[in-house]
Amino acid sequence: MTSQGSHSITRRGALAGLTAGTAALAMPALVRAQGETIRIGFPTPLTGPFAAEAKDQVKSAELAVKLVNDKGGIAGRKVELLVRDDKLNAGEAATRTLELIEKDKVHAIVGALSSAVQLAVNEVTRARSVIYVSISQSDTINEVKDFSRFTFHEALNPHMTTAAVAKHTFKQGSKVAYLVADYAYGHEMLRGFKRAQAALGATSVGEILHPFGAADYSTFMPRLRSMRPDILCICNFGRDQANAIKQAVDFGMNRQSKIVVPVLLHNQRLAIGPEAFEGVIGGANYYWGLEETIPSAKAFNDAFKAANSGAYPTDYGAYGFTGVYSLLLAMEKAGGTDTDKVIAALEALKYDAAKGPQHYRKCDHQSVQSVLVLESKKKAEMKNEADLFKVLASEPASEEILRSCSELGFPA
Amino acid sequence: MSASTSSIAAGMPGQAGQRGWRARLVAWRVPLSILALCLLPWLLPSKALAVNVLVYGLVAVGYNLLFGYTGLLSFGHAAFFGAGAYATGIAIGQFGVPWFAAVLLGIAVGGALAFVIGLLSIRTRGIYFSMVTLALSQLVYYTALQASSWTGGENGLRGFTVAKLDIFGWSIDFLDPVKKYYVLMVFAAAALWLVSRILNSPFGAVIEAIRENETRARACGYDVERSKLISFTLSGLICALAGTLSALHLAIVPLDILHYQTSGMIVMMTLLGGAGSFFGPFVGALAFLLMEDVVSLWTSHWQIVVGTVFILFVLFLPKGVWGTLLAWRAGR
Amino acid sequence: MKAPLLSVDNIGRRFGAFVALEGITASFEPNKVTAIIGPNGAGKSTFFNLLSGVLAPSAGAIRFKGRDITGTPQHRFAHLGIARSYQITNIFPELSVHENVRVAAQAFRSRYDIWRDRTGMTELDDKADAALAAVGLTGKRGETAKFLAHGQQRALEIAIALVAAPELLLLDEPTAGMGPEETKEMVALLERLAAERTILLVEHKMKMILGLSDRILVLHHGRLIADGSPQHIQADPEVRRVYLGQSDGYA
Amino acid sequence: MDAELIAMQLFSGVALGAILIMVALGLSIIFGMLGVVNFAHGALFMVGAYAGLWVASLTGSFWWGLLIAPLAIGAFGMLIERVLIRPLYKRSVDDPLLLTFGLGYVLVEAVRIVFGSDGIPFSTPPELAGVADLGIGFFPIYRLFVVGVVAIILLLLWLGLEKTKFGLIVRAGAKDPQIMRVLGIDIAKVWLLVFGLGIGLTALGGVLAAPMRNVNPEMGSLVLAEAFVVTVIGGMGSLVGAVVAGLLVGVAISMTALFAPEMATIVMFALMALVLLVRPQGLFGKPGRA
């Protein structure tokens, strides 16, 4: 059952067409669930530059809910997903989260796509003792200052992503130049890369901070060129990343250096085209091509394609699935929605939703998981529209690529 | 009529000569608005939305003092709204200041910023005034983005949740949405009283005169720049109060609060409701937020509807919802 | 000769390279009507703007009641006792006729007070009513100013100036755009006003000027080319030369 | 820091300035003539880019997009002037500003509905791909082409303003609208054409920018801010001002990018605030307007 399915509580839904199909499937007649419906709030930016990612997240999250409901729900209770548009705005997200908690009386929240929105939701849920599974990248949320015992971070964090990407791209003696967005997320990625760089014996030939949200990077290019790096590491996200890569290629930087980014996005690559991204290497939480080696990925792809007329799931979309999946699995183990029991179950959980084994680390509730390192394919090498990346490596789930608990400020 | 006066801002006639129902409405406007605010949480779909209407209604009321009554189109009021919110959040989160003092501090900081930006921008007129306020408020935005050790930068300010309010020995559960609403409403009501007070005062007559005809007001012996600066600062103070309420309500301060798009939203709300009328801004904030809420029910493209409605208002109903109602009632 | 109410000493005004007014020296006795004439672009408006503080002179000094007021901000002029009307009607269009005058009166009572009620100051109502009575607008008291006839708006503007109880009244083409009937009424009003205060006016209607003024100043190309009684000016050959071909000037 | 790098940086600044000039010109022309501050300018820049993309994909050639899109969007601009803005001339300067602010909202969302919110690839036309060696460093050929186009447009504008009757009318009208009334010129028609011209210029800017910056519905919002900054610094309504300020801002950003890169955006606004405080009418503006 989804938010579109019932009436008063579910007014603000996602796109009707998007959810109507699953809603009909999810309500077989006469299967009356015992007890109160389990309601999961799902704030995501349906409007704004990441609307495509958000819609993928909604589809994936609905799939996770449907799979559970098809099996009869959790302890006989149906699960309902309440999708809300956070507009990629932290204030809006906080308001929607308050509504979900106060008015819709949700049992847990899953979602958020930007660091700021995630921290806002975290702040609201922490004060009200509501479980929150965060699916947006950030190092901040792991640190003790923002830690909430009710919050679980299912997404990768910049530290682990950069560690994995560096491990497979930086070499002894590599000269690395950094172009970094001047805000928390950019700084976190730079910090991660530089730590890995020191361990791998690479050197930095220069770092340039660029203003967050810049459209033109041409003025940074002469200096980057003059640094003569082997690797140009572009630490930004979304549109910033797309523009920076495109303009670096325009300036011929890709002939001189390998372009490396912390995170490669499926939809961003679609929006910019294969030429600019050709040969660019970056990390990812998920890529559908994982199905060749991982059975759970195959199962997820198949179910997703079946529910969405053959469309492939994307990286940020998959977070919607893994995030909701892990929460529902824990609720099942806890036999319901009792907050303390669900927290205990999440802390003890071992799960394989779509990308191999994962578990939440006890101290900071970070999901320990594999990190993919992808390379963007040439147009000629693409077998179909969705065949965007080559999987260079899958860095296995390990606490080694995380910052230690004591480093994050947690008592030993 | 002086060129800097917006015909939208000049939508409402002065107050001194009002008769009958109109005069009674003016006399009772503060109690009436407080009554409406008391009922609000029970009429809207959620308490969080009610607090939003309260906060944005208050920002629009503050903005209206400058735009609707003084005739100055500022595009930088997000700066004062945001400054109030940040100052309150930082005071509570980083210095452990008691909540009530933090509210006062937020108002003071926002008001001080308004005074400084006012001082710099008042010298320019018309379009240039709008541009200077826009430029200076964007400077504030970028400063907040850079000063991330204070403001949290792009991640927003966090870590100052007020869970309980202690007032004269009482302890109020501030996480309870209804109690929270009524506590915040007390501040909004005080601000409404203040605005009504200003509009009823001799100074209220002065700013209306400036809106109507700046040249004439100056020839009459009014120090126009000084009066504008006072109006600008008072307007900023009220927006700052709205900011502190927003901070207490959400327990975060998003960086977007300072962006010029927020200023634009404040302008839109004020205009939708009716610039230069007392109830207009609240009606506008309510209409805007409800429209967003209702339209996003059936399409994620709510902006096209909001934008179109706004264009139609500028073209055909420049007096806004409330102003048009009043004019219609007055039989013009 | 009585002590002058107003005197200007060699004042001038430049706008960049353009000299709008230069080397004007004159003094004005109390309770006299002085007209300032000259072809378009002669500098009449600039002269008025200097006398009312809209512009500061770029050279010379202005004295009012013996005090140097050069460079005083414009809004202080009303408080010194100098009030003016404008060539293009300049009122508060959306306010009622009474409010127009009342708010002008308020400038001498309260300007920044936010704690009192504006309606509480009843003496302002009386002052405003008196000013309206003086210009014959008592019957239009409650009307919105922008709906008045043109002549009535001009009269209202004079009421706004009068309520300041000015010792010096500067009137910039008070009959501009008026028909003969309205002009006649305005002249009658000005004659009444002239009895008890000093008036400077810019006008084009010569017949009216000759009947009303005690003295005439003629400006041309930013300079004072003649200064004297109406008879004297009429006879001045220089003035005749300047106005030659400008028949509308004498109309 | 070697001299070559600084020379290269200066050149990047000038090239960036060329793009800034392109968007600021239209804004400035419209303000100078009509007294309208067009808040939808950035959105129309974006619409221009999408129109260029659409025409290019239909015809299979970037050049058709470059030619047709600005003309079509210019005509669309005239429609906007005729239907939405003309009724507001009787009112104050604030009203068109507010209306175009709302129009910007509508245009962005309309594009999201038609083309999706993701953005669409727009590759550099193959004839102009690659980099050129300038002696002091390498620079994309496409960006050199953009500088060339902007130079040609400026030349054409200058010729149009100085050598044609329409130009004479426009110049006279910008100085004093009363004159046109006296001369018996149909102001409404002139304003319509000027608005169309201004919008056509920003649309051309959009098409030119597309191969450099990608096409997405939000691409206009930063451009709007940049155009404001340049116009205000140069003096609203002054074409010379727009050109000088465009280059000035371009070089300022580029030099900041060299020495304090994270300040490259803030420097723009700081420059604007400074100019407004010291000389509110801008470097080449007429004092009366401020």
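The model is predicted, and 35 residues of chain D are in contact with 33 residues of chain A. Chain A itself is divided into domain 1 and domain 2, while chain C holds an open sheet of four strands.

- On the side of chain D that touches chain A, two or more residues come from each of α1 (3-34), β2 (138-140), α5 (141-163), α8 (187-213), α9 (219-234) and α10 (239-259) of chain D.
- The largest share of this side, seven residues, is supplied by α1(D).
- Sorted by class, the side of chain D that touches chain A consists of 18 nonpolar, twelve polar and five charged residues.

**Domains of chain A**
- Domain 1 of chain A takes in 8-156 + 293-368, and domain 2 of chain A takes in 159-284 + 371-401; their C-alpha centres lie 29 Å apart.
- Their contact involves 19 residues from domain 1 of chain A and 18 residues from domain 2 of chain A, with α2 (51-70) and α13 (315-334) of chain A each giving at least two residues to the domain 1 side.
- That domain 1 side has eight nonpolar, seven polar and four charged residues.

**Sheet and helix of chain C**
- The strand order is β2-β1-β4-β5 with antiparallel pairing, and because β2 (18-28) and β5 (67-68) of chain C stand at the edges with a single partner strand each, one side of each is left without a neighbour in the sheet.
- Strands β1 (residues 6-15) and β4 (residues 59-64) of chain C run antiparallel and are joined by five bridges, and C:D9 stands opposite C:A61 in β4(C).
- Helix α1 (residues 44-51) of chain C lies across β1, β2 and β4 of chain C, at about 60 degrees to β2(C).

Definitions and conventions: Residues numbered from 1 in each chain as written. Chains lettered and ligands numbered in written order. Predicted model: local features only at pLDDT ≥ 70, side-chain atom pairs only at ≥ 80, totals over all residues. Contact = placed C-beta atoms within 7 Å. Nonpolar A, V, L, I, M, F, W, Y, C, P; charged D, E, K, R; others polar. Pairing = 2+ DSSP bridges. Axes fitted to C-alpha atoms, helices over the stretch in contact; angles between N-to-C directions. Domains from an automatic or database assignment.
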